[in-house]
Amino acid sequence: MRNYAHPDLADVTIEHALHALSDPVRLDIVRQLDRAGEASCAALDGGRPKSSMSHHFRVLRSAGLVHTRIAGVQHMNTLRREEVDKRFPGLLDAVLGVEA
């Protein structure tokens, strides 16, 4: 099984991060991870198709927001909160503080 690529946050632009957070599904994933700390893809899918969720996680990973590790057959996700806060101070507080 392959490991996932995670960008160095120094290479991520604010536009890329904002694009990833602009989708309601991805924003919900980030909110859930902020509360839970770590969760499997299945726990975060909300009944959505696996192919759709794979796309959303790929976008979140490429924007440097989420780290995915493989644990057996599960893919466990965490919000890269500390790193994102360092790179874009206040971004997650601002975005996660706004309720839909």
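Gly97 is exposed, with a relative accessible area of 60%; here buried means under 20% relative accessible area, exposed over 50% and partly exposed in between, with a 1.4 Å probe and protein chains only. The structure is a predicted model, in which local features need pLDDT of at least 70, side-chain atom pairs count only at pLDDT 80 or more, and totals for chains, interfaces and linings use all residues. Residues are numbered from 1 along each chain as its sequence is written, and side-chain values use heavy atoms, with hydrogens and water left out.

Gly97 is located in the segment after helix 6 (91-96). Helices (H or I, at least four residues) and strands (E, at least two) are DSSP runs numbered from the N terminus. Although Gly97 and Arg31 are 66 residues apart in sequence, their C-alpha atoms are 9.4 Å apart in space. Arg31 leads the reader to helix 2, where Arg31 is among the buried residues.

Helix 2 covers residues 24-36, 13 residues in total. From its first C-alpha to its last it reaches 18 Å, close to the 18 Å expected at 1.5 Å a residue, the expected span being 1.5 Å times one less than the number of residues. Just after helix 2, Gly37 takes a positive phi of about 90°. Within the helix, Val25, Arg26, Leu27, Ile29, Val30, Arg31 and Leu33 are buried. An α-helix has 3.6 residues a turn, so residues three or four places apart point the same way.

The next element to consider is helix 4 (residues 50-62), whose axis comes within 10 Å of that of helix 2 and crosses it at roughly 70°. Such axes are lines fitted to C-alpha atoms, for helices over the stretch in contact, and angles run from 0 to 180 degrees between N-to-C directions. The two helices are therefore roughly perpendicular to each other, a term for angles of 65 to 115 degrees. The contact is made by Val25, Arg26, Ile29 and Val30 of helix 2 with Met53, His55, His56, Phe57, Val59 and Leu60 of helix 4, where contact means heavy atoms within 4.5 Å.

His56 belongs to helix 4 and is buried, with a relative accessible area of 7%. Not counting residues up to four places away in sequence, His56 touches Asp23, Val25, Arg26 and Ile29.

His6 is partly exposed, with a relative accessible area of 25%. Leaving aside neighbours within four places in sequence, His6 is in contact with Arg61, Val66, His67, Thr68 and Arg80. Its side chain reaches the backbone oxygen of Tyr4 at 3.1 Å, while a polar atom of the His6 side chain lies 2.9 Å from the backbone nitrogen of Thr68.

Thr68 is placed in strand 2 (residues 66-71) and, at 3% relative accessibility, counts as buried. The side chains of Thr68 and Arg61 make a polar contact (3.1 Å). A polar contact is a pair of N or O atoms within 3.5 Å; within protein, one must be able to donate a hydrogen and the other to accept it, and residues adjacent in sequence count only if both atoms are side-chain atoms. Not counting residues up to four places away in sequence, Thr68 touches Tyr4, His6, Arg61, His75, Met76 and Asn77.

Terms used:
Angles under 35 degrees count as roughly parallel, over 145 as roughly antiparallel, 65 to 115 as roughly perpendicular and the rest as oblique.
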